[in-house]
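Here's a quick briefing to read with the structure open beside you.

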Amino acid sequence: MFNIEFLKFGVVGVMGVAIDFFITWLCKEKWRFNKYVANALGFSFAVINNFLWNRYWTFSGNTQTFTEQFLKFAVVSIVGLMINSFLLFVLVKFIKINFYFIKLLVVWLVFLWNFYINYLFTFH
């Protein structure tokens, strides 16, 4: 379960979380976007960053074309975004705690989904 790819995926994930949270915060707090739109934008910017790092660093021994892998990664990420948005909506609605704390919990759950599905489907 815990191998070098998992650790690298985690490092890339931390960068993605930083990008995700910054873009979400910027869009929600400074530009006053709807919190779910801001969340989707933050998530999307993180996906692009994460794909590039994971393709060239985490899973560098792959032989698939860039386009083929990106499309697979995008599908996994879109499902991840749906899981992310659904859990965020439900938890924000029913658990009255800080939006960003809930987002952090949801990001961790989606990280696990993304690693295992990308490991099995996208990069191998």
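A residue counts as buried when its relative accessible area is under 20%. Asn-114 comes in at 13% relative accessibility, so this residue counts as buried. Keep in mind that this is a predicted model.

**Asn-114 and its neighbours**

- You'll find Asn-114 in helix H4, the helix that covers residues 99-122.
- Leaving aside residues up to four places away in sequence, Asn-114 touches Phe-9, Val-76, Gly-80 and Tyr-119.
- One of those partners, Gly-80, also turns up on the H3 side of the contact between H2 and H3.

**How H2 packs on H3**

- Two numbers describe a pair of packed helices: the angle between their axes and the distance between the axes.
- For helix H2 (residues 35-58) and helix H3 (residues 66-94), the angle is about 145° and the axes are 10 Å apart.
- The crossing of H2 past H3 is right-handed.
- On the H2 side, the contact is made by Lys-35, Tyr-36, Asn-39, Ala-40, Phe-43, Val-47, Asn-50, Phe-51, Leu-52, Asn-54, Arg-55 and Tyr-56.
- H3 answers with Phe-66, Gln-69, Phe-70, Phe-73, Ser-77, Gly-80, Leu-81, Asn-84, Ser-85, Leu-88, Phe-89 and Val-92.
- Sorted by type, the residues of this H2 and H3 contact come out as 14 nonpolar, eight polar and two charged.

- Phe-66 belongs to helix H3, and its relative accessible area of 36% makes Phe-66 partly exposed.
- With residues up to four places away in sequence left out, Phe-66 touches Phe-51, Leu-52, Arg-55 and Tyr-56.

- The structure has 24 aromatic pairs.
- Take Trp-108 and Phe-111: their ring centres are 5.3 Å apart and their planes meet at 20°, so this pair is stacked.
- Both of these residues sit in helix H4, three residues apart, or about one turn of the helix.
- Which of the two is buried? Phe-111 is, at 13% relative accessibility, whereas Trp-108 is partly exposed at 48%.
- Lys-28 places its charged end over the ring of Phe-99, 5.4 Å from the ring centre.
- Lys-103 does likewise with Phe-21: the charged end sits over the ring, 5.4 Å from its centre.

**Loop residues**

- Arg-32 is in the loop between helix H1 (4-30) and H2.
- The phi angle of Arg-32 is near 60°, a positive value in a residue that isn't glycine.
- Arg-32 counts as exposed, at 65% relative accessibility.
- Ser-60 is in the loop that joins H2 and H3.
- Ser-60 and Glu-5 are 55 residues apart in sequence, and their C-alpha atoms are 9.8 Å apart in space.

**Two leucines to look at**

- Leu-7 is part of helix H1 and counts as exposed, at 52% relative accessibility.
- From Leu-7 to Phe-73 is 66 residues in sequence and 18 Å in space, C-alpha to C-alpha.
- Leu-87 is in helix H3 and is partly exposed, with a relative accessible area of 23%.
- Beyond residues up to four places away in sequence, Leu-87 touches Val-106 and Leu-109.
- Leu-87 and Leu-105 are 18 residues apart in sequence, with their C-alpha atoms 9.4 Å apart.

Terms used
Residues numbered from 1 in each chain as written. Predicted model: local features only at pLDDT ≥ 70, side-chain atom pairs only at ≥ 80, totals over all residues. Heavy atoms only, no water. Axes fitted to C-alpha atoms, helices over the stretch in contact; angles between N-to-C directions. Helix = DSSP H or I, 4+ residues; strand = E, 2+ residues; numbered from the N terminus. Left-handed = near helix turned anticlockwise from the far one by under 90°. Contact = heavy atoms within 4.5 Å. Nonpolar A, V, L, I, M, F, W, Y, C, P; charged D, E, K, R; others polar. Phe/Tyr/Trp six-rings, centres within 6.5 Å; stacked < 30°, edge-to-face > 60°. Buried < 20%, exposed > 50% of the residue type's maximum accessible area, 1.4 Å probe, protein only. Lys NZ or Arg CZ within 6 Å of the ring centre and 35° of its normal.
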